[in-house]
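Dear colleague,

I am handing over the structure that we talked about, and you will find it just below.

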Amino acid sequence: MAPAPRRPAGCPSCGQSLSATPELYGTTIECPACQKTLTVPHPQPVPPQLPLAASTPVPAIWNPSVCGVFSLLFGLAIGPWLHSLNWKALGRTDEASKARFWALGLLGVDILRTGYVLTQPKAGTGLGISFVIGLAALLVWIVAAGRKQEREIKGRVPGTFRKRSWMGPIFGSLGYACVWFLACSVTSTSLQRL
Ligand SMILES: [Zn+2]
């Protein structure tokens with residue numbers, strides 16, 4: 001290991017910088033410049049300079065395009081919700097709250113289209129129109145808001161962000177889909193009893 005860099009000792013009377021061998025530290029000598037006596041100080045180690053990049057955390061985010069696939073598979077609100085967490089990680093709280101509003105809006109669309117299917121007099125009808133409405137709502141979100149995050153990520157220098165694990169979204173989405181399915185079953189059963 002290399003020794004820590006040390007500041008050179010200086011004469012307290014004239015400021016002449018002096019280099020001293022370790023056996024002279026703490027002893028009294030005569031300054032070669034001003035001839036005044038001085039005690040050779042023990043050198044102070046220079047504090048190491050920490051590189052700035054190492055102390056700045058790199059945000060972890062999910063691929064914005066793949067977030068949209070989660071919306072298609074598990075529920076419309078999941079894509080914008082993941083985008084809101086991405087924006088938060090990137091330090092963009094304004095965009096994060098906008099994405100949360102989109103998530104709420106798409107959750108509303110999901111509730112309405114599911115309600116529409118469940119209230120059809122004949123089971124299974126209305127599925128086609130429900131699918132088309134969901135797809136249309138997803139496209140509106142992608143064009144109006146989702147694409148903004150894709151562009152933001154593409155414009156970023158590699159190394160200023162890292163890929164976030166998909167484990168959370170996968171298990172979260174499966175849980176969300178299970179709760180949704182249970183809610184639909186309960187609603188459907190209740191409607192049949194009426
Ligand atoms: Zn001196």
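**Helix H3 and its neighbours**

In this predicted model, helix H3 passes helix H5 in a left-handed crossing. H3 covers residues 78–89 and H5 covers residues 127–154, and their axes, which come within 10 Å, cross at roughly 30°. That angle makes H3 roughly parallel to H5, because angles under 35 degrees count as such. On the H3 side the residues that meet H5 are Gly-79, Pro-80, His-83, Asn-86 and Trp-87, while H5 brings Trp-141, Gly-146 and Gln-149 to the contact. Sorted by class, this contact of H3 with H5 has 3 nonpolar and 5 polar residues, and no charged ones.

Helix H2, which spans residues 64–74, also packs against H3: the two axes come within 7 Å and cross at roughly 150°. Since angles over 145 degrees count as roughly antiparallel, H2 is roughly antiparallel to H3. From H2 the contact draws on Pro-64, Cys-67, Gly-68, Phe-70, Ser-71 and Phe-74, and from H3 on Ile-78, Gly-79, Leu-82, His-83 and Asn-86. The residues of this contact of H2 with H3 divide into 6 nonpolar and 5 polar, again with no charged residue.

By class, the contact of H3 with H4 has 8 nonpolar, 3 polar and 3 charged residues.

**Two residues to look at**

Trp-81 lies in helix H3, and it is buried, because 25 other C-beta atoms lie within 10 Å and 20 or more are enough to count as buried. Trp-81 and Cys-67 are 14 residues apart in sequence, and their C-alpha atoms are 8.7 Å apart in space.

Thr-114, in helix H4, counts as partly exposed, because it has 19 C-beta neighbours inside 10 Å. The C-alpha atoms of Thr-114 and Ser-130 are separated by 7.2 Å, although these residues are 16 residues apart along the chain.

**The chain as a whole, and the record**

The secondary structure of the chain comes to 6 helices and 6 strands, and along the sequence these follow the pattern β-β-β-β-α-β-α-α-α-α-β-α. Of the 194 residues in the chain, 17% are buried. Among contacts between residues at least 6 apart in sequence, 56% join residues at least 24 apart.

The UniProt record, an unreviewed entry, places the feature "transmembrane region" at residues 61–81, 125–145 and 166–188. In the model, residues 125–145 are 90% helix and 0% strand, with the end C-alpha atoms 32 Å apart. For residues 166–188 the end C-alpha atoms likewise lie 32 Å apart, and that span is 96% helix and 0% strand.

Methods
Residues numbered from 1 in each chain as written. Predicted model: local features only at pLDDT ≥ 70, side-chain atom pairs only at ≥ 80, totals over all residues. Axes fitted to C-alpha atoms, helices over the stretch in contact; angles between N-to-C directions. Helix = DSSP H or I, 4+ residues; strand = E, 2+ residues; numbered from the N terminus. Parallel < 35°, antiparallel > 145°, perpendicular 65-115°, else oblique. Left-handed = near helix turned anticlockwise from the far one by under 90°. Contact = placed C-beta atoms within 7 Å. Nonpolar A, V, L, I, M, F, W, Y, C, P; charged D, E, K, R; others polar. UniProt positions renumbered as here; feature names shortened; annotations may be inferred. Buried ≥ 20, exposed ≤ 12 C-beta atoms within 10 Å, placed from the backbone.
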